[in-house]
Amino acid sequence: MNLTLQLILSGAAAGSLYALFSLGLSFVYTTFKHFHIAAAASMATAGYTAYIIADTTDLPVTMALAIGLVVGIVINVLIGTQLYPALEKRGAEGFVIFLASLGAMTAIVYLFVLIVGSSPVRIEQPAMLSQRLGTSSIGITVLQGLAIICAIAATLILRYTLTSTQVGKRILAYTSSPNFAELIGINTNRLRLVTYAYSGVLFSLPGLYVVMDTGITSLGPENYFVIGIMCTFVAGLGNWLLSAIIGGSVGVIQYILLLIVPAQWTLAIVFGVFLLLLTFKTEGFSLKAFRSRSA
Amino acid sequence: MDYLASLVALVSIYAILSMSLSLLIGHLGIFSMAHAALFGIGAYGYAISTTTAQLAPLLGIAIAVLAAGIGGLLIAIPALRVQGVYFLVASFAIQLIANTVFDGWESLTGGVRGIPGVPRSGDGIVQLLTPGAFGLYAAGAAVISGFLMYLFINTPYSVTLHMIRDDEHLARSFGKPIARSKIVVSLLSGAFAGFAGAIYAQYLMYVSPANFQLTTSISIITMVVLGGSRSIPGAAIGAIVITAFPFALQELDIPSDVAGPVQQVLFGFFLVAIMFLRPEGMFKGNDLRIYKEVMK
């Protein structure tokens, strides 16, 4: 029983990182229809930058993490507000944007591999973050607790922003009809900035977590992207809240599966279930929710 | 000379792979990120059948082609139900499931250690033990594969494929066999990828999961996009450019641990630059010519 509870707690911490990623990808895809694989570059940038600063300067770890977060956000904003619009001005859409995003992701991630090498790099956690909360047999570290809090807070902030602020309402207007939104004078550039800055936070935070936990590698961010984008599509486009919940659940399920199958198979089972859902429940869950609301 | 033969062999393998992916992307509009998985199925199929099962190399190649063809059919299942970005997402899942199987099924694949001692044909008429002979063999395989694929996309049947690619609803309204077309092309694409995988296993004489990851899929897509996804010769030329590039880096005496990331960084920049300068790739293909001929 204790083991199961512990796995659920650890899974919730891992799932909170997936939830952050899913939330960000769902937000970006719903708003601008960008298949933003370069989100993985934002995550890698945050983690690797924090590592490089912590490793090469005398700055405290917290400062290195803060700089990593800012640089991760800046990269995401640059891609979202400079690269994609430049391509869109040339008439690009869909797969062209995706391929450019893929190229940007590959170039940025391997630029860091070139600097720090291909082995995982890790920052020593500040003592405060590695303290354990709970009993000796069941508990999580402060870092894991922070990850869970961040995921919940990020979801609530996005909900509040979209429903209760002017910029949020403009984003929703743009989402439902981009042409009409531009026609009535909504500043698209500002919406891009807000969307990519906020999603940059959501992509960078997992990078900072991973660099303090297992260490960041070139392949890790790609897996986060794949899980995040699958949660986005399984939840149904536009259902960002559900995509975050599914993201969180994936972590818990992945850990609970450890009770039944060897560790190396857990992710394959999760991907397999996602694949079945994507193939046989193509509309995701949002349409069903919408239909039941309509009824 | 051995160095050049080795380059020719590798370029040929990736040319087959790139051309096989262009069948899916350029001619059917199925954008797959799981092509490295099919490549891997072919390589493992050959390695397992010739080492564990001790079968003859020719039989090993047949098994590799068959296994990857079946893999292609499995990929066709989601392609029959979803299109566009939905299939793209599904293909990511397929690629990562394949990675886990290559990594995790140790009793069959050897896990991260891989399968060493993969044989080439060393006796009888076909002697592939020297680099020169192997280079010729791989180049011949690429030319024959390319020719077969070129013939396939230059038949009147390709008009059906291109109609499905451009507008699936329209193709359905014209009564075009969408499901059959997707199955046929996925099967063919998988079979050729498996063939490339088998030759790759022979080339390295070793198979490990590191060669069939998502980054490999990205490299193959870069080849296809660079050359032009709608042109079979274009896809082959894309493969030549991208595969020869690391060899050029070696000529510059860049250490191997640096050359790998440099190559990936430049591939990334290539992709971004192509999307700006020539999103259709170097070669546009000849869809329109075939269409006009059929409509006459």
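**Exercise 1.** How many residues of chain B are in contact with how many residues of chain A?

*Solution.* Start with the rule: contact means heavy atoms within 4.5 Å. Counting that way, 39 residues of chain B touch 41 residues of chain A.

A quick note on the ground rules. This is a predicted model, where local features need pLDDT of at least 70, side-chain atom pairs count only at pLDDT 80 or more, and totals for chains, interfaces and linings use all residues. Residues are numbered from 1 along each chain as its sequence is written, chains are lettered from A in the order in which they are written, and side-chain values use heavy atoms, with hydrogens and water left out.

**Exercise 2.** Work out how much area the two chains bury, and which residues of chain B lose the most.

*Solution.* Buried area is the accessible area (1.4 Å probe) that two parts lose on being put together, summed over both. Here that comes to about 3700 Å², with 84% of it on carbon and sulfur atoms. On the chain B side, B:Tyr86, B:Val89 and B:Phe276 lose the most area to chain A, together 17% of what that side buries.

**Exercise 3.** Say what share of chain A is buried.

*Solution.* Buried means under 20% relative accessible area (1.4 Å probe, protein chains only). Of the 295 residues of chain A, 53% pass that test. As for its extent, the C-alpha atoms of chain A fill a box of roughly 60 × 50 × 35 Å, taken along the principal axes.

Methods
Buried < 20%, exposed > 50% of the residue type's maximum accessible area, 1.4 Å probe, protein only.
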